[in-house]
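Colleague: Could we go through the pockets of this model together, and then look at one of its hairpins?

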Amino acid sequence: MTALPKACPCDSGAPYARCCGPLHAGAPAADARALMRSRYSAYVLGDADYLLASWHPTTRPAALSLADAPGRRTVWLGLKVQAHASTGPDTAEVSFTARLRVGGGSARRLHERSRFVREDGHWFYVDGDVS
């Protein structure tokens, strides 16, 4: 994991210590949007343990490596949340675009509609459709 930033990587404009930091330390997310933002920040910071812990057990991979291939370093450039919708009492969807650059190549955009579920007061990432 990289050094902790002052500004939150999720582009909320808030300090990391008051935004995604508490979630990375174990606090529950207020909603699916907050969990999605914290997961983006975890990718930026290289926190695979948090990503696995916030992934629903039914879809969670057995392991997750965030290691870059030689010469293919991923640089996360920003996040924009397009929509957040409750789809049931304990389910939600979040649509977002993440910008990134791999290896020194051109910046690209990753669009995803992610699905989340809340169990025992905690939100979990289930899966997503990437476009």
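This is a predicted model: local features need pLDDT of at least 70, side-chain atom pairs count only at pLDDT 80 or more; totals for chains, interfaces and linings use all residues.

Colleague: Which elements give two or more residues to the lining of the largest pocket?

Modeller: The largest pocket has a volume of about 370 Å³, and 15 residues line it, with Tyr-43, Leu-66, Asp-68, Thr-74 and Trp-76 the closest to its centre. By class, the lining divides into eight nonpolar, four polar and three charged residues. The elements that contribute two or more residues to this lining are α2 (32-45) and β1 (74-88).

Colleague: How do the residues of the lining of the second largest pocket divide into nonpolar, polar and charged?

Modeller: The second largest pocket holds about 300 Å³ of space, and of its 16 lining residues the closest to the centre are Tyr-43, Trp-76, Phe-96, Leu-110 and Glu-112. At least two lining residues come from each of α2, β1, β2 (91-102), β3 (108-119) and β4 (122-130). The division for this second largest pocket is 13 nonpolar, one polar and two charged.

Colleague: In the hairpin of β3 and β4, which residue takes a positive phi?

Modeller: The strands β3 and β4 run antiparallel and are joined by eight bridges, one of the pairings being that of Glu-119 with His-122 in β4. Two residues lie between the strands of this hairpin. The residue with a positive phi, near 50°, is Asp-120.

How values were computed. Residues are numbered from 1 along each chain as its sequence is written. Side-chain values use heavy atoms; hydrogens and water are left out. On a 1 Å grid over the protein atoms alone, a cavity is a set of points where a 1.4 Å probe fits but cannot get out, and a pocket is an open set with protein on both sides within 12 Å along at least five of seven lines; lining residues have an atom within 4 Å of a point. Grid points are joined across faces, edges and corners, and a volume is the space filled by probe spheres set on the points. Helices (H or I, at least four residues) and strands (E, at least two) are DSSP runs, numbered from the N terminus. Ala, Val, Leu, Ile, Met, Phe, Trp, Tyr, Cys and Pro count as nonpolar, Asp, Glu, Lys and Arg as charged, and the others, Gly among them, as polar. Two strands pair if DSSP finds at least two bridges between them.
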